[in-house]
Amino acid sequence: MDVKKLEKRLYIFISAVVCVFVFLTAGLSTLQIVKGDEYEKLAQENRIRLIPVTAPRGVFKDRYGRELVNNRPSFTVSYMNVNSKPDEQDRVFQKLGQILKIPHFTDVSNEKYVLDEKGEFLLNQIPIVDLNGDGKLDQNDVKIFEEASGKQVIPQKIDFSTGKISLNLKPGTRVLATYRYDTFRNRIRDQGYKKYMPIRLKTDVDFQTISRIEESRLPGVVIEVEPIRNYLYGNIGSHIYGYVGEINREELQSLKDKGYRPGDLIGKMGLEKVLEPYLKGKDGGQQVEVTSTGKPIKVLGQEPPIPGDTVNLTIDARLQQVAENALQEQLIKLQTDKTHPFPNAKKGAVVVLNVKTGEVLAMVSVPDFDPNMFARGITQKEWQSLVNNPLRPLVNTAIAGTYPPGSVFKMVTATAALENKVTTEKEYIYDPGVYWTIAPKKDWKPGGHGTVNIVKALAQSCNIFFYEMGRRLGIDNIEKYARMYGLGKLTGIELPGEKEGTVASRDYKANVFKRSEDKIWYPSETLDAAIGQGYHSFTPLQIADYVAAIANNGYWMKPYIIKSIVDASGKVVLEKKPEIGGKVDVSPKTFEIIKKGMKGVVSSGGTAYSVFANFPIPLAGKTGTAQWDLTKDPHGWFVAFAPFDDPEIAIVVFIEQAGSGGNTGGPVARTILETYFHLNENTKQEDYLVQP
């Protein structure tokens, strides 16, 4: 063979080998050197996951260290990205939806929005899916209606990736949106750099359901054991603690740098909301090796979670439960009374204060709710039953319900009358049953009370006497002393949603009414204000402060419900001390006279004597019957403090549409006093603390 030909072939072969070698070397260099870190990170992400370990929320305890709210372990089903394709994810979500009974798609009807300055708004839930069933996603899959006119509006533009909708309407216009979104993809959206972390789909899942999921071997599905909020006494104290719920999109955006992730529970109401930074704790984490389907096989490292802080409350759990049960029982008794029923007596409140410190020993609002519903995941039916209930069970009536005080206000008028020297304890006024000066007004007692002084007028709640005091004083003096008692302003309690209330005054009418003739203050309105009617409107907590001020001879302590907060290491991070909330600058003699009248309320001839006859602890009280709608039953109030000579507690009981306060709130107050002073010797303390 020709040597030159062989050499030529050998040269070509060697050149080819060199080219292949150079190509492979370049490829390996790219993989290992140029993009080595990137591919190593991808390989690790396919094998290793960082799984957060949820920290238990802080515990609530009562003043004696008894647990009120803690946590219990529960199964949580989460989804973790394992680089599955969209169609593979859909198969997983469809199967999960069947097992967990979660609809793959969720319909939203008439969701309310307000257009921004650009005439745009963002849908709360995305991704949007086919609504009209035509097999494509377009503007017909989001129906928009102008709220005011009810007319349908065709969107100018819809960004289906973000849910932003542009309309040819003025900024500030209110609209209603109807659409359908992907339930599961909605949960796992907006993860950003956390896309490989588990996203909760459902919490508090039973063991049988967990077994079905495990058998299905669904890629990316992770079963976690997490703490879930546990309200030990169900509805008891629900308005104090509030409830937790799943973090929403807005909350997640604002708290994304504070360790929150989709599906986290966050305080939504009450102390759970106010104390969220203390209660959350610090989540731990595990570095876990997983299979290609996301199933953990080995823990490579871990950091334990740090529990949230323990909150010690001023509440006495025993007294709280007694107060709630007593009020509930009294409501049923009033509704079903055979001789004089009050069928609408379905709502009320109780406040019990330590008058020396301002500590809230019990706070009750009825109707209430079970916060455990929210902790495990409230159903749509349960939520609608709460928000559509006309009695508004989610509102804390003790701090957010404002009502005319009726005759429990008469101590204010008495204070003003004595201090302004328009009457004395020695002056007697004849009550014939009708007051003819300024405007004809009747007393609640037909035929009147006869001859009364200020002490007897308080004891028997004589309207005629206080009409006359109102005439002598004028509205400005009544307003002055009402405000001196702290009425008509916030108490500063740590709970959210407190209302200020209203003190009847010239300024109130001038600011509220529009027509000039309606702004005028009339003398007959002063008569109404003098007996706690008309424009007065206060919360039960404000009334409790006012009663405490009388008990303390002129000053009251700022009410508070948080005693201390202690972190996981035992360090006290917050501690409350008693603080004077205000002072009524009047003479000791004035309080002596007023207290004598209040003692007469529960003594022979007083309006609450039948309830407190033979009660072993000396006390003072006042009944109130507040008219608010002539077509409906009046509201009932009862207030008290005890012991009379050295007061420890003040009690306020309020019941809507229940008639006279002595016969309605009085029995509730008596039960609370019997418990506080341990008068039921045969009843053990533990008997009250029964978990539902």
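Helix axes here are lines fitted to C-alpha atoms over the stretch in contact, and angles run from 0 to 180 degrees between N-to-C directions. The model is a predicted one, and with that convention the axes of helix α14 (residues 410-419) and helix α17 (residues 475-484) come within 9 Å and cross at roughly 115 degrees.

**Helix crossing**

- Since angles of 65 to 115 degrees count as roughly perpendicular, α14 and α17 are therefore roughly perpendicular to each other.
- The crossing of α14 and α17 is right-handed.
- On the α14 side the contact is made by Val412, Thr415, Ala416 and Glu419, while α17 contributes Asn477, Ile478, Tyr481 and Ala482.
- Sorted by class, the residues in the contact of α14 with α17 comprise 5 nonpolar, 2 polar and 1 charged.

**Three-stranded sheet**

- An open sheet of 3 strands runs in the order β5-β9-β8, and its pairing is antiparallel.
- Because β5 (120-122) and β8 (157-159) stand at the edges, each having a single partner strand, one side of each is left without a neighbour in the sheet.
- From one strand to the next, the twist averages 15 degrees.

**Pairing of β5 with β9**

- In general, the strands of a sheet pair through backbone hydrogen bonds, in either a parallel or an antiparallel manner.
- Strand β9 (residues 164-166) pairs with β5 in the antiparallel sense over 3 bridges.
- Phenylalanine 121 stands opposite isoleucine 165, a residue of β9.

Technical notes. Residues are numbered from 1 along each chain as its sequence is written. This is a predicted model: local features need pLDDT of at least 70, side-chain atom pairs count only at pLDDT 80 or more; totals for chains, interfaces and linings use all residues. Side-chain values use heavy atoms; hydrogens and water are left out. Two strands pair if DSSP finds at least two bridges between them. Helices (H or I, at least four residues) and strands (E, at least two) are DSSP runs, numbered from the N terminus. Angles under 35 degrees count as roughly parallel, over 145 as roughly antiparallel, 65 to 115 as roughly perpendicular and the rest as oblique. A crossing is left-handed if the near helix is turned anticlockwise from the far one by less than a right angle, and right-handed if clockwise. Contact means heavy atoms within 4.5 Å. Ala, Val, Leu, Ile, Met, Phe, Trp, Tyr, Cys and Pro count as nonpolar, Asp, Glu, Lys and Arg as charged, and the others, Gly among them, as polar.
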